[in-house]
Each structure stands twice: as C-alpha cells, then as structure tokens.
Amino acid sequence: MSSSAAEEIGALIRDVAAASKIPAKSRVVNIKATVASLASLAYENGLLPNALDEIIDLLVTPSHLDQASLAATVRNLYPVTRVSRHVALRVIGALGHGKLKPSLNLQSALLKWLIMIHHVLETPAVLAQAYGVLFNLLDTAAIRPNVCHLLALITRRKHVRPFRIQALLNLSRQTANDPYLIGLLRVFKDYYPEIILGELVRGKASAFKHPDVQWKERLQEIQEAYALQAEKNSRVALDGFQVNRPTGRAQARRVVPTVHTSHVAEYSVTLEEIENVTGFVQNMDRLELPNQLVAVLADPLLQKLLLLRPNAEAYQRVANWLSSALQNVMEGDADEAMLWEVLDVVKEFVVQAKANGDYWNGSGQRDHVLQILSYVPLLEFQAVLDNTPSSQIEILALYTRILRHWTAVIRSNDPIPAHVNTSLTALIRHTGKLSLTLLQTSPTESVNVAVIEFYEQAIQLVNDNTLKYYIRIELPPSELIYIFLFSSSVTTMSRLCGILACYKKGFEMAMSTKARNDGSNRIDALSYDRAYVNLYNGYLMDICNCFWRSRAFSDADTNSHGCMVPRPAVSKLTAYVSSVDKTFSLASLFSLSFSPVLCLQSIRLVRDLEDAAIGSDSSIRMRHAGPVTQNSLSKLAIAGGIQLSWQEYRIEVLRSLGEKNLGGIAELLKNTMTVLKNSMDATPRARAKMAL
C-alpha cells in the first residue's frame with residue numbers, strides 16, 4: 001500500500017468519526033459520500049492495523065451513523081495483515097443485548113466478518129478464550145446462524161462439556177431443529193461420538209459454508225500484494241512454534257493439507273492450540289497428531305514434533321500419501337501443476353528437516369525412482385543436463401549442497417562410517433572434472449565463484465578437528481589451480497590461496513601421524529604417496545615464485561611446475577617482454593608490484609604510507625611514481641621520499657590485503673615460508689613507523 005493511500009484512508013476515517021458524533025440533521029455535509037470513498041479505498045488497498053483499529057472502535061461505539069453506512073463499512077474491512085487480538089476482543093465485547101450495544105443487524109455483520117477473517121487472526125486462541133461468551137449468545141435468534149458457524153470453527157475437545165451438549169439439545173428442540181444448531185451439534189459429536197442425537201440429525205444440517213467467497217478472494221489478493229511488498233522490504237522468519245496457517249492462493253490451491261486435529265482425547269492438546277515455544281515444550285507429551293500426517297511436509301511445528309517424537313508409522317503414512325499422489329500424476333488423474341507443487345513441498349521439507357530419510361540408499365527400489373523419471377514429456381534427449389553452462393552450474397550447485405549435507409551428517413555420526421573417505425573423494429573428483437568443463441565453456445566470474453564455493457566447502461573436512469583424521473585431501477585439478485592463480489579477480493585468487501593454505505595443515509598433520517597397517521581408516525603418512533605430496537608442494541612453490549621471489553614460471557626449484565607452462569612458450573614470452581620494454585622481465589610481472597590484479601592494491605598501500613608520513617613529517621618531498629621495486633625504494637629514500645625497505649613494503653602489502661578480506665595470499669605465503677612468517681610477526685608495521 002502506498003503512503004498516499006494510507007494517509008487518505010486515515011483522513012476519511014477521521015471525517016467519518018467526527019460525523020458519527022453529530023446527528024444527521026445537524027451535519028453540514030452528506031457523510032454518505034465520505035463513507036463510500038472510504039469503502040472504495042479499503043476495497044482497493046486494504047486497511048493497515050491502525051486504520052482497522054480505528055474503524056472497529058467506530059463500529060462498536062454508539063453513533064449517529066445510519067445502518068447503511070455502517071453495513072457498507074463492515075463489508076469493506078479488508079485487513080492487509082493478521083488481525084490483532086485487541087480487534088477480535090473489541091468485536092466480541094460488542095455482542096449481545098444492551099443500550100450501548102450495536103444493532104443486531106450490525107452484530108450479525110461483525111460476526112460474519114470474524115468468520116471470514118478467523119484464519120488470519122494473529123492470536124487464534126483469543127476466540128477459544130471467549131468460547132463461553134459466544135456460546136451464551138445462542139439464545140439470540142438474529143445472530144444465531146453466525147454464532148453457530150463461528151463456534152463450529154473454534155470448537156475443540158476441551159469445549160465440549162455435558163452442560164453445553166444439554167443446552168444445545170434443549171435449544172434445538174425449542175427452535176424446531178434449527179439447522180445451524182444441529183450443525184454445531186454434529187461438530188460436538190465428532191469429539192463425543194457417544195452423543196445420541198436421534199431424530200435431530202435426520203433433518204438437513206448446516207454445512208457452514210463460507211459466507212462470501214468473493215470477499216474471501218479479494219482478501220487473498222490484498223494480503224498477497226501487501227505480503228509481497230513487505231517481503232521485498234525485509235524478510236521475516238516464519239514463527240516455527242505455531243501451526244502454519246497459509247492465506248491467499250497458497251491456501252486455496254494447496255495440495256498438501258494443513259494441520260487439523262479432530263477426535264481428540266479429553267486431556268490431549270492439539271497443535272493448533274500451541275502459540276509459542278513455552279506451550280510446545282510444556283505440552284510435548286500431550287500433543288495429539290493431526291488427522292493427515294502429510295501436513296508435516298509444510299508445517300514447521302509438526303516437523304519439530306516428529307523430530308522430537310519420532311514415529312515410524314507417521315512417516316510411513318506420509319510415504320503412502322506421496323506414493324498415491326505421484327501415482328495419480330502417472331495415470332493422468334492429476335495435472336502437472338500438482339506434481340510440481342508436491343515436489344516443491346517435498347524439497348522445502350527436506351531443506352528444513354536437513355534429511356531425506358533412510359529409506360533410499362541409492363540402489364533399493366531404484367526402479368521406482370527411475371520409473372517416475374521415465375514419464376517425462378517427449379523432449380530432446382539431453383533436455384536436463386544438456387551440456388549448457390546453466391545446466392552444469394545447477395549440477396555444480398547440487399554437488400555443493402550434497403557435500404555440505406554429507407559433512408553435517410558425518411559430524412553427527414559416531415563412529416565415523418568406513419566408506420566416508422571413498423564417497424567424499426569420488427564426489428570431489430567428479431566435481432573437479434565438471435568444474436574444468438565449466439571453466440572452459442563459460443569462463444565467467446560467476447562460474448569461478450561457484451567452483452570456489454565448492455572447494456571452500458571441501459576444506460571444512462580438513463578444518464574439522466575430528467573429520468581431518470578420516471578424510472583424505474583431494475586436490476583440485478592442476479589446470480583449475482592455475483586458471484584461478486591467473487584469474488582477473490583478486491578475490492578468486494585470494495580464495496584459492498586460502499584453500500591451498502588450509503590443505504597444507506592437513507598434509508602436515510598426516511605426515512606427523514605415525515603410519516599404521518592395522519586396517520584403520522584414519523589418515524596418516526601412508527595415505528599419501530610422495531608424488532602426490534610433491535605435486536601439492538609444487539603448487540606452493542609456483543605461487544611463491546610468482547608473488548614473492550619474482551621468479552614466475554621458473555621450474556628450476558625442487559618440485560616446482562613452472563605453472564605448467566611449456567618451456568618453449570616461456571622462452572617466447574620472455575623475449576616478447578624484453579622487446580616491449582627492456583626494464584621489465586617476465587619473471588617479475590606477476591609479483592605484488594606488477595601483477596595485474598595486485599598492482600593497484602600495492603600502490604595504494606604506498607600512497608597510504610606516504611600520506612601518513614606527510615602528516616607527521618614535513619620533510620617528505622617526493623612520492624613514489626610506481627610500480628615499486630627494490631631499486632626504486634632505495635632511490636626514493638635518497639631523493640627525499642619515505643624510508644621503506646623492500647621487505648617492509650611487501651609485508652605491508654600482504655597485511656593490507658588481509659584487512660580487505662583478501663588474506664588468502666598472505667596465509668599461503670606465511671605457511672609456506674617460515675622466514676616470512678617470522679618477519680611478519682616480528683616486524684613493526686611500517687604504517688606505524690611512518691606515523692612516528
């Protein structure tokens with residue numbers, strides 16, 4: 001709702017409220033036009049909580065408004081959000097006989113409104129708390145139909161008492177078997193089957209149909225529009241300790257039933273009566289399961305109950321319902337929309353419950369799973385995994401979610417299953433191949449991020465204090481490492497270095513663990529052959545050569561791979577760089593100062609140091625032009641620039657990257673070169689030195 005519409009509704013309410021205190025003959029203007037405008041705006045936009053409160057107060061307070069205006073106002077009470085407890089109590093308090101009470105026609109209209117909005121009450125229990133008040137209104141014939149209907153909606157086992165049964169039987173006989181009273185008696189009989197109704201139930205009983213379907217549809221539209229707008233502004237978490245009461249089209253088109261409990265034992269409690277965590281905990285053992293347990297797929301409160309009180313029979317009933325629903329789709333008795341809704345609800349349930357049950361292990365009943373897939377429409381053969389980047393990214397995201405879920409499952413298992421290492425290694429290797437394909441078919445930053453996220457999930461296995469002893473490190477493919485090393489994104493490069501730095505700790509742990517041949521599935525020195533460790537060490541050596549030693553693409557060091565660039569290509573690139581500018585060399589072009597993605601960060605660090613030095617020392621007469629080299633720093637100091645050594649400069653660059661959440665590069669270099677780690681821990685910050 002726009003702010004202008006809300007303001008206009010507020011102004012109209014104030015006008016109507018002012019006119020209601022003046023007799024019709026004494027008013028200067030005809031208030032009917034104002035009421036019509038208010039009703040129209042309420043129909044178009046709905047009413048915010050404050051506006052609804054004001055109108056309800058106006059309706060239940062004695063006034064000089066005519067009945068037609070009051071009735072028109074009630075007909076257009078469309079709340080945009082859930083209705084507060086205060087509003088419901090104000091309406092209930094206005095019911096009955098008395099000089100200060102609204103007319104019976106208006107009371108009937110207000111009761112009808114309560115019936116139509118009871119499902120969007122903020123505190124549904126408020127009606128149950130007023131059950132006795134409402135029951136005592138059954139003597140009033142003018143409002144009896146709507147009172148019966150409302151009571152039928154809120155009646156629970158605790159409300160069915162012998163004195164009420166007797167009162168209903170007596171009143172029914174006095175009113176010649178009023179169909180609404182008989183309808184309420186039928187509801188009572190659902191809770192007390194032993195009630196003998198005899199001749200009373202032979203007549204036609206009220207079905208208590210919705211009073212105004214069109215009004216209901218309009219309410220759905222208004223609340224959906226407002227909820228959509230509110231969701232865009234801020235996402236509010238669902239209350240997990242109340243039964244999920246969907247509104248709008250989500251309720252009208254719902255395939256999975258909502259929680260509804262009937263035939264409850266006298267001292268049991270229904271889920272519908274729970275409103276907060278305290279009530280849930282206090283009544284845990286007394287909670288009655290609902291009629292249709294498949295509601296667990298969409299109801300967070302029922303999910304919690306079955307999680308804390310596992311029930312094999314309950315889940316079997318859910319499985320039977322799903323089997324029946326899918327069978328209907330396969331046989332053509334249900335449309336495609338039902339299939340997708342069922343699958344969507346099941347997906348949400350699995351995500352919320354963080355489990356898919358222990359019913360399918362990948363092979364058992366596999367024919368049933370594949371049989372469902374065999375009924376897909378006639379499409380091109382590779383319609384799903386069609387080798388397009390979009391489908392491959394979706395599969396990659398699937399593997400990331402599987403790895404995250406498996407990690408959580410393993411952490412909760414004691415002991416660690418023997419097949420854990422084999423399963424996870426196979427998943428990571430397969431994802432590595434998929435990642436390489438993606439990086440070739442769609443070399444975009446979004447793909448880089450998706451791949452990095454998978455491997456960052458994988459290092460959780462190495463970081464875990466328990467799992468690291470059971471799960472072998474599976475390195476990314478070499479091509480993937482060097483693609484990311486020379487990425488155009490400093491974030492991707494830093495995250496890659498962080499992953500490799502983490503793996504180093506895992507290798508060191510395994511190498512320091514005494515080798516065993518006792519059949520144990522714990523990771524130790526026997527888990528990695530020397531060639532595999534050397535492969536990893538070569539990655540570290542290449543990265544150090546690029547960033548720190550200004551020896552990019554060198555393969556002269558032990559284990560170094562030369563970034564896997566063929567030697568003839570290195571020779572040609574070296575000659576090309578010299579032909580462009582003899583002061584440059586290929587080996588230094590990927591250092592902290594010259595790297596395409598690090599050069600800006602490096603020179604900014606120097607600028608910051610110079611600014612700090614100028615602020616505290618007016619003797620600084622020259623700035624560095626960049627890029628920084630060991631020779632340029634020496635010349636700068638002589639020419640009146642900042643006093644900064646080559647070692648201090650590089651350490652400060654690494655520190656500044658860490659402050660910008662790009663600490664992966666520094667982490668890898670520190671873990672690889674002990675000398676650098678000691679220097680970074682011992683060297684005072686150049687920034688502080690310059691400030692002095």
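**The whole chain**

Begin with the entire protein displayed. The model is a predicted one. It contains 31 helices and 2 strands. The protein has 692 residues, and 43% of them count as buried. Its accessible surface comes to about 36200 Å², and carbon and sulfur atoms account for 54% of that area. Among contacts between residues at least 6 apart in sequence, 68% join residues at least 24 apart. Several of the stops below show pairs of residues that link separated parts of the chain.

**Helix α12 and the residues around it**

Select residues 213–233, which form helix α12, and then pick out R218 within that helix. Is R218 buried or exposed? Its relative accessibility is 15%, so R218 counts as buried, the cut-off for that term being under 20%. Next, display Y43, E44 and Y78: R218 is in contact with these residues, when its neighbours within four places in sequence are left aside.

The structure holds 15 aromatic pairs. In the pair formed by Y78 and W215, the ring centres are 4.7 Å apart and the planes meet at 20°, so the pair is stacked. Y78 belongs to the loop between α4 (67–75) and α5 (85–93), while W215 belongs to helix α12, so the pair ties together parts that are 137 residues apart in sequence. Y78 has a relative accessibility of 4% and therefore counts as buried. W215 is also buried, with a relative accessible area of 6%.

F454 is buried, its relative accessible area being 0%. Y455, at 2% relative accessibility, counts as buried.

**Charges over rings**

Two further selections pair an arginine with an aromatic ring. In the first, show R164 and F135: the charged end of R164 sits over the ring of F135, 5.7 Å from its centre. In the second, show R650 and W548: the charged end of R650 sits over the ring of W548, at 3.8 Å from the centre of that ring. Leave R650 on display, for it is one of the buried residues of helix α28.

**Helix α28**

Select residues 646–659 to see the whole of helix α28, which has 14 residues. From its first C-alpha to its last, α28 reaches 20 Å, close to the 20 Å expected at 1.5 Å a residue. How many of its residues are buried? The number is 10 of the 14, so the helix is largely enclosed by the rest of the structure. Among the buried residues are Y649, I651, V653 and L654.

Within this helix, display the side chains of E652 and R655. They form a salt bridge, with the closest N and O atoms 3.1 Å apart. Both residues lie in α28, 3 residues apart, about one turn of the helix. E652 counts as buried, at 1% relative accessibility, and R655 counts as buried as well, at 17%. Beyond the helix, look at N661, which follows α28 and has a positive phi, near 60°.

**Salt bridges elsewhere**

A search of the whole structure finds 15 salt bridges. Select D178 and R144, which form one of them, the closest N and O atoms being 3.5 Å apart. D178 is in the loop between α10 (162–174) and α11 (179–191) and R144 is in helix α9 (residues 144–154), so that the pair links distant parts of the chain, 34 residues apart. Both D178 and R144 are buried.

Next, select E273 and K158, a salt bridge whose closest N and O atoms are 3.3 Å apart. E273 lies in the loop between β1 (269–270) and α14 (277–282), and K158 in the loop between α9 and α10, so this pair ties together parts that are 115 residues apart in sequence. E273 is partly exposed, with a relative accessible area of 27%. K158 likewise counts as partly exposed, at 43% relative accessibility.

Note on methods
Residues numbered from 1 in each chain as written. Predicted model: local features only at pLDDT ≥ 70, side-chain atom pairs only at ≥ 80, totals over all residues. Heavy atoms only, no water. Helix = DSSP H or I, 4+ residues; strand = E, 2+ residues; numbered from the N terminus. Buried < 20%, exposed > 50% of the residue type's maximum accessible area, 1.4 Å probe, protein only. Contact = heavy atoms within 4.5 Å. Expected span 1.5 Å × (residues − 1). Phe/Tyr/Trp six-rings, centres within 6.5 Å; stacked < 30°, edge-to-face > 60°. Lys NZ or Arg CZ within 6 Å of the ring centre and 35° of its normal. Areas by Shrake-Rupley, 256 points an atom, 1.4 Å probe, with all protein chains shown as cover. Salt bridge = Lys/Arg side-chain N within 4 Å of Asp/Glu carboxyl O.
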